[in-house]
Every structure is written in structure tokens, then in C-alpha cells.
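Visitor: Could we go through this model by way of its packing, one question at a time?

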Amino acid sequence: FFSSRRRHTRYPLVTGVQTCALPISVKQLTDLPIRLSNWEAKAEAFAAFTIPNDNFYPPGSSLLLVPFLWSGPDYFLAIVFYFLSASALYFAICDYLIKSPKLKTIALLGLSLNPYLLWLVVTSQDTIFELFLLLSVCALFLRRNYWLGFFPLYMLCLTRPAYWTLFISIPLVILYLKKGVDQAKIRKWILVVPIVALIGTISLNSIAFGSTALAGESGVTAHFSHNKYYYLSMPKFDMDFFLSKGGNMDADKVISGSTKFTSVEDKELRAALISVIENPKSLLMNTVQKVDSYFFAVQKNPQLPGFYFLSEDQKSIVIQDERLTWSIILGNTLYFLYRILLLISVVVAITIYLTGLKRRLAPEYKNGFLLIAPYFLGVIPGVLFYTESRFKIVSELLLIPFVGLILNKYRESKVI
């Protein structure tokens, strides 16, 4: 996978520079702390072969932090290691799919020129792990190592539960793409793997934590995403902070006196279900806003919204801190331009494929469409719960080599 004869010096050079320099540069520029220490207690529990105290956040990130517990307190070395690995995987994916030197160079720059992704790699508690795991999945699947690829995919689900949609759906995608690829020896019982993993995870959670939820945060997340005023917060405000003040997320207020969904034990989840039933107009507005935010809007980037919240009487929006700095404003502007170019490129690539390239695409390249599955399947949990830029930015990265693949094959087919 890493031994292409078409490789040139500038490709590994681009990868090496972004791997070494970018996280260090972001660390110097950001005004936010490194948050990997949030996983320290749970990682120490795993290292001691004991069960963590809770499953509010699933254990994927904690498991990946275990080898680096000696490097605290900020665990920046873990960020550098996983970013190095992710950069190498991204380089390998682009090198495997894209043969045009110019298109390959542009695709490689897609990682280093995404300011918000780099910001989150350093400051988010789980983006770096998501990046490493998702690129591992795609690299293995592209080489048709499907069975091995299921392991990082499962770890990815334990890092961000939204990827369970991908885990359950990916065998169907693989079986579809298998057509015409004789080398891929896949059995239909590959469909059983996600079901077994899902049932096993639910059973383990039930035994260890007394709950069948894939993550303890699911009830709170559902309550946030179906709050009556969710649509006011997105895409310009930090939804968590916007709704958390003034008792706007008080589940007891919602469920008090209600006879609906009394069998639901999680009061946050029950509050979300009651809100869905009692506020159909808000439900529609919330759904429209989620779809718009997922595909088009740029929000919470990089933490630009500052601190705004809905007042207790729900009649006004309070400005607590604008949090405007030039580094944040510049990062927001660059990412805005980045997303515009990416969206236009994706639309062009999909149009080319649907209108003329589909029949010309060689069978060995069909697996390239595995790159778009994480992004487009992500809209399902995005609508059921909620989405913002940091929850889709990694899967969005894989759209770049997909565009490069299509444009490369387009040129080779001499359609132009």
C-alpha cells in the first residue's frame, strides 16, 4: 500500500511537514487547552484491567490513550503520534487512488489547509482519535482487507457512537461494490458482524453499567437536539452553551405533569420524546436546520461563537462574551472558503460520475466510493440527534480523495 512506483519526493515531503509542524503551530496559536486529559481516569482504569465508573462517553478514546499514560499531563505526544499515523494513512489513500501528480498534490494539501480540523486535532478530546481510526478503516477497506477493517471501525463506534450507522450499513455497501471485483472474496455473512458487535456492546453495557445505551450521554444529546429552541442556536451559536443557561435544559420542567412516555426511565430522553410530540413546528424547524447545518452551514468554527445564551424567560439572547480574536476570525474565514471549494468540487464530481463516468470506472476503483459513505451516512444520526462542524469534519476530509479519484478518471477517459 505504501510502495507506489509513482510516488515523488514532494508527496512524502508534504506529509512530513504537516505531520511535524502543524500540531505544534496550532498548539502555540490556540487559546484552548489540550483536552486528552479528560480520558485519563478511564484510561487508567483500563490499564489496571478494571471497569470504568461510567459509560457517559464510550471507551474508544480512553483505550487509545492507554499506551501514552506515561506522557501526561497534556498528552501532546499522543496527538503527534496519531496525527503522524493519520497523515501517513491519508497520504497512502491519496497515493493509491489518484495518479495525476497535480490532483494528488492538491488532495494532500486538503489535510494541511483545513484550519478547523487542525484546531480540533489539538483542542478536542476525541477528534484526533476519530481521524486516525476512520482513515485506518478506509485504508484497509480500499485494499479489501474488510475483516481487519472492522476492528478500527468498531473502535470508531466506541469513540463516536454516531458511526454505528456506518458500521451497520457498510457491509451492504461492500456487497454492492463487490460486483465485478473477482479478487474480493466476501461472504454474505459479513452482514452478521455489525449485528453481533452491536448486540455484544449493548449486553456488556447492561452488565457493566446497568444500561443498554451505547453511551450514557445519549439521553442528554437527544434532549439538546429536540429542544424547542434548538433551531435558534444553530448554526451561529454554540448549542451546548446557548441552551444550558436559564433552565432551558431542565428536563424536570418538561416531564412535570406529563403522562407521556412514562415507561422511559432516562428523564432526559423522555423530555426529548415529549418535546418532539408537543412541538411539531419546532421539530420541523429543527430538522431543516440540522440538514442545512450538515451539508451547507459553517458553525462553531473554531469555537468562534463565544458565549451566547437564551435568557430564562426565553425572550432574548444574552451576549456574555463575543470571544473575537484575529486568529479565530482568520481560521473561520479560511475554513469558510475551504468548505465552499469542497462543496463545489463534490457536486461536480458526483455530477461527472452520474452523467458519464459510471460505466468507465474500473472495478478496482469502485471501493473509492467507500470514502463518501461515512459522510453521507452521517446525516442519519445528524438528524436524529444533532450535528455541527466538529462532528462531520473528519468524514468530510475523505471527500477530497474521492473528488480526486473521479477527476483523475475523468481525465483518463478523455470525456473532456
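**Packing in the predicted model**

Visitor: Leaving aside its neighbours within four places in sequence, which residues is Asn205 in contact with?
Guide: This is a predicted model, in which local features need pLDDT of at least 70 and side-chain atom pairs count only at pLDDT 80 or more, while totals for chains, interfaces and linings use all residues. Residues are numbered from 1 along each chain as its sequence is written, and side-chain values use heavy atoms, with hydrogens and water left out. With contact taken as heavy atoms within 4.5 Å, and setting aside neighbours within four places in sequence, the partners of Asn205 are Asn55, Gly210, Ser211, Ala213 and Leu214.

Visitor: Does Asn205 count as buried or exposed?
Guide: Asn205 belongs to helix α10 (residues 192-209); helices (H or I, at least four residues) and strands (E, at least two) are DSSP runs numbered from the N terminus. Buried means under 20% relative accessible area, exposed over 50% and partly exposed in between, with a 1.4 Å probe and protein chains only. Since its relative accessibility is 8%, Asn205 counts as buried.

Visitor: Where is Leu113 found, and what separation is there between its C-alpha atom and that of Tyr338?
Guide: Leu113 is in the loop between α5 (101-112) and α6 (115-123). With a relative accessible area of 54%, Leu113 is exposed. Leu113 and Tyr338 are 225 residues apart along the chain, yet the separation of their C-alpha atoms is 7.9 Å.

Visitor: Which residues have the most contacts inside the largest nonpolar core?
Guide: A nonpolar core is a set of buried Ala, Val, Leu, Ile, Met, Phe, Trp, Tyr and Cys residues joined through side-chain atoms within 4.5 Å. The largest one here has 90 residues, and its largest share, 13 residues, comes from helix α4 (residues 76-97). Apart from it lies another core of 12 residues, including Met234 and Phe237. In the largest core, the residues with the most contacts are Tyr90, Phe141, Leu153 and Ile170.

Visitor: How many nonpolar residues are in the contact of α4 with α21?
Guide: Helices α4 and α21 (residues 399-412) pack at about 15°, with axes 9 Å apart; axes are lines fitted to C-alpha atoms over the stretch in contact, and angles run from 0 to 180 degrees between N-to-C directions. The contact joins Tyr90, Ile93, Cys94 and Leu97 of α4 to Ile400, Pro401 and Leu405 of α21. Ala, Val, Leu, Ile, Met, Phe, Trp, Tyr, Cys and Pro count as nonpolar, Asp, Glu, Lys and Arg as charged, and the others, Gly among them, as polar. By these classes no polar and no charged residues take part, and the nonpolar count is 7.

Visitor: At roughly what angle do the axes of α4 and α7 cross?
Guide: Among the residues in this contact are Phe83, Leu89 and Tyr90 of α4 and Phe129, Phe132 and Leu135 of α7. By class, the contact has 17 nonpolar, 2 polar and no charged residues. The axes of α4 and α7 (residues 127-142) come within 9 Å, and the crossing angle is roughly 30°.

Visitor: Which residues of α11 are buried?
Guide: Because 6 of its 8 residues are buried, helix α11 (residues 218-225) is largely enclosed by the rest of the structure. Its buried residues pack against several helices, including α15 (267-278) and α16 (280-295). Those buried residues are Gly219, Thr221, Ala222, His223, Phe224 and Ser225.
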